[in-house]
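This report goes through a model in running text, from one chain to the contact between chains and then to local elements.

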Amino acid sequence: MTNKIQWEFPQALEDEAIYILRETAAQFERPAILFSGGKDSITIVRLAQKAFYPGKVPFPLLHIDTGHNFPETIQFRDWLVESLGLDLIVRNVQDSIDQGKVQEETGKYASRNALQTVTLLDAIEELKFDACIGGARRDEEKARAKERIFSVRDEFGQWNAKMQRPELFDMLNGKIHLGENVRVFPISNWTELDVWNYIRRENLQIPSIYFSHEREIIERDGMYWPYSPFLNTTEEEVPFRQKVRFRTVGDMTCTAAVISEADKLEDIIGEILEAKISERGARIDDKRSEAAMEKRKQAGYF
Amino acid sequence: MEVLRITTSGSVDDGKSTLIGRLLYDTHSIPQDKMEALHAASKRKGLDFTDLSLLTDGLVAEREQGITIDVAHIYFSTPTRKYIIADTPGHIEYTRNMVTGASNAQVSLILIDARKGIVEQTYRHFFIASLLRIPYLVVCVNKMDLVEYSEARFNQIVEEFQALIASATFKAPSIKFIPISSLYGENVAARSEKISWYNGDSLLEYLEQITFDHADNSHPSRFKVQSVIRPKTEAYHDFRGFAGKVVSGHFNVGDEIISLPSQQKSKIKTIEQFETPLTTAEARQSVVITLEDEIDTSRGSMFSKPENAPALLREISAQVCWMDQQKLVPGKAYLLQHGINRVKAKVQVIQYVIDVTSNKILEDKKELGLNDIGKITLKTAQPVFADSYDTNPANGAFILIDEFSNSTVAVGFVD
């Protein structure tokens with residue numbers, strides 16, 4: 001499968017994504033990009049830059065900060081915003097906890113991943129965003145495989161898989177009622193490999209944790225968890241140093257590492273081509289049950 | 001690298017999900033952890049084999065009912081190209097999803113259960129593939145293992161299908177019949193040894209060879225303006241670029257264009273793709289065009305060449321597929337969206353409804369409900385710059401939006 005042709009990025013995907021972003025800017029009053037600092041949202045930022053060039057990116061970035069992010073991601077986020085002259089809005093899960101809207105999970109699997117949905121929905125309401133652009137891809141997960149490009153959410157941010165609007169040809173219907181909002185997924189049709197090939201073609205900078213580096217990890221349930229003050233560990237779980245990298249960037253309590261020596265994009269792409277574990281296989285938050293993603297989506301997750 | 005888009009349709013239980021699972025399996029597209037999840041899920045269901053169909057039946061309700069109820073998109077790549085499959089439901093209530101899945105496809109894959117032969121759904125699928133003018137039609141006669149890989153049975157089904165094709169108004173330029181067993185992978189990726197009487201390509205071999213018909217490039221040139229870019233910065237003080245998508249045909253720097261609806265003319269000064277200047281822009285490309293003159297153009301305008309500009313239609317006759325629970329209400333104002341433009345439109349008359357399973361016109365039926373296909377006449381408040389779907393599909397379709405529910409209630413194909 002390591003055929004040379006695989007290294008080529010399908011240009012049709014960029015054209016499609018740019019078309020979608022331009023429609024988003026035109027059809028909505030207050031669209032925003034949901035920015036996590038991960039490779040998919042970095043790709044979205046690049047596409048937005050290209051779609052409106054030489055004009056400015058017409059969307060602010062909204063980052064829902066769990067407080068448990070990798071420091072490298074936050075550093076990168078601030079650098080990107082600065083270098084491209086973007087507007088950044090940050091809302092904190094800690095504030096939702098302090099307001100008593102959500103409760104911190106307990107136990108060794110405690111994570112703020114589920115809590116951020118509440119912070120996100122509050123931010124959407126507060127800032128009156130009518131469209132939120134996300135980097136979700138249909139190939140990531142089977143519930144996401146059914147997502148529309150313009151996905152309507154009700155006042156409670158809920159996704160109703162059975163009530164989705166048909167999307168025909170390239171005609172996007174972004175008409176909504178007051179209080180509703182739309183999640184926009186411009187890279188719906190991209191795969192993980194497409195994203196990496198695009199990052200390589202466009203020569204994009206990405207957070208350093210995507211590349212092989214030495215860090216303290218623990219082993220739990222056959223996965224390597226990054227050791228941090230946010231992770232509740234048992235006595236048997238002794239941290240050790242290991243060369244690893246991350247295939248996705250969530251926060252430090254829900255993203256598992258893979259052992260890897262890949263420190264260049266070429267090597268990462270090579271790894272993916274031969275990968276035996278799918279991308280979301282390294283996401284602890286999906287392992288909770290077979291329908292974990294669908295349930296979170298219905299509740300208004302990204 | 002090219003992208004080939006395929007739509008699949010079939011009836012309940014004809015093995016469509018298994019076929020897709022098989023394609024993924026045979027192209028090594030199922031990662032180990034998903035494979036393990038499949039083993040576990042199959043075991044829980046009490047199956048003694050790994051049910052590959054579980055891979056695409058994504059939603060909880062579907063897993064419970066064992067049927068596919070929405071369009072799912074599946075991706076895989078071979079060294080030749082990237083494939084996108086729109087897996088659409090085969091049963092009658094969800095025909096709208098079938099049309100949706102088919103709307104972006106270059107290949108329509110129809111499955112027939114070798115034991116059952118052509119059934120009512122087959123007619124429906126074929127009708128939709130024809131209605132949408134999908135250029136490549138692949139008919140897979142599946143479950144050949146259950147008819148002892150019988151050549152006679154296969155030929156019988158092919159013959160029946162040929163009769164169906166003969167009765168259609170549109171004939172796909174390329175039609176291919178393949179005997180397969182998706183459960184055992186016969187003729188899916190690799191050629192079957194069990195079906196020795198068949199000497200043609202396996203399904204994947206055939207898909208790999210499909211040559212891309214760049215017909216859109218030879219169709220009349222159409223460019224839809226999505227937004228006007230005016231940075232008003234020091235460096236781009238006088239810049240006025242038209243960001244949009246080439247719908248069909250192509251545009252070169254220096255070409256004379258006419259902008260609709262203002263009907264003013266100018267010449268293309270530059271075509272830009274981010275920082276890269278281009279000399280030509282082709283169908284489906286997203287670019288920014290600047291013009292020599294300041295002419296009246298804004299979001300929703302369409303550029304074409306002056307010699308073959310589209311007509312400005314105020315009355316449209318079209319085939320429509322109705323997609324909403326609420327029936328079409330003649331005389332009610334809907335929003336007609338053609339490309340990115342929305343105009344108010346009223347249905348003047350329902351000319352007729354077609355029975356898609358017999359291809360017969362139902363003279364007496366004068367209403368269009370969910371999953372019905374028929375012909376209507378519309379009147380629009382502003383002109384629509386559409387071509388007939390037959391001559392230029394990329395500029396010949398529209399959707400209808402209900403102004404109260406905001407739902408997309410129909411898709412139409414201009415006569």
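Of the 302 residues in chain A, 52% count as buried, a residue being buried if 20 or more other C-beta atoms lie within 10 Å of its own, exposed if 12 or fewer, and partly exposed in between, with C-beta atoms placed from the backbone. This is a predicted model, in which local features need pLDDT of at least 70, side-chain atom pairs count only at pLDDT 80 or more, and totals for chains, interfaces and linings use all residues. Residues are numbered from 1 along each chain as its sequence is written, while chains are lettered from A and ligands numbered from 1 in the order in which they are written.

**Chain A**

Chain A has eight helices and 10 strands; these are DSSP runs numbered from the N terminus, helices being H or I of at least four residues and strands E of at least two. Among the contacts in chain A with a separation of 6 or more, 76% come from residues 24 or more positions apart, where two residues are in contact if their C-beta atoms, placed from the backbone, lie within 7 Å.

An open sheet of six strands in chain A has the order β3-β2-β1-β4-β6-β5, with mixed pairing; two strands pair if DSSP finds at least two bridges between them. β3 (88-92) and β5 (150-153) of chain A stand at the edges with a single partner strand each, so one side of each is left without a neighbour in the sheet. The twist averages 30° from one strand to the next. Within chain A, β1 (residues 31-34) and β4 (residues 131-133) run parallel and are joined by three bridges, with A:Pro31 opposite A:Ala131 in β4(A). Helix α5 (residues 116-127) of chain A lies across β2 (61-65), β3, β4 and β6 (181-184) of chain A, at about 145° to β2(A). Axes here are lines fitted to C-alpha atoms, for helices over the stretch in contact, and angles run from 0 to 180 degrees between N-to-C directions.

**Contact between the chains**

Chain A puts 47 residues into the contact and chain B puts 50 residues. On the side of chain A that touches chain B, α1 (11-27) and α2 (39-52) of chain A are the elements that give two or more residues; α1(A) gives the most, with eight residues. The residues on this side divide into 22 nonpolar, 10 polar and 15 charged. Ala, Val, Leu, Ile, Met, Phe, Trp, Tyr, Cys and Pro count as nonpolar, Asp, Glu, Lys and Arg as charged, and the others, Gly among them, as polar.

| Pair in chain B | Bridges |
|---|---|
| β17 (residues 333-338) and β18 (residues 341-355) | six bridges |
| β18 and β20 (residues 373-384) | eight bridges |
| β18 and β19 (residues 360-362) | three bridges |

B:His338 stands opposite B:Asn341 in β18(B). The hairpin of β17(B) and β18(B) has two residues between the strands, and B:Gly339 in the turn has a positive phi of about 65°. The hairpin of β18(B) and β19(B) has four residues between its strands, with B:Asn359 in the turn at a positive phi of about 60°. B:Val353 stands opposite B:Gly374 in β20(B), and its bridge partner in β19(B) is B:Leu362.

**B:Thr7**

B:Thr7 is found in strand β1 (residues 3-9) of chain B. B:Thr7 is buried because 28 other C-beta atoms lie within 10 Å. Not counting residues up to four places away in sequence, B:Thr7 touches residues including B:Ala86, B:Gly101 and B:Leu109.
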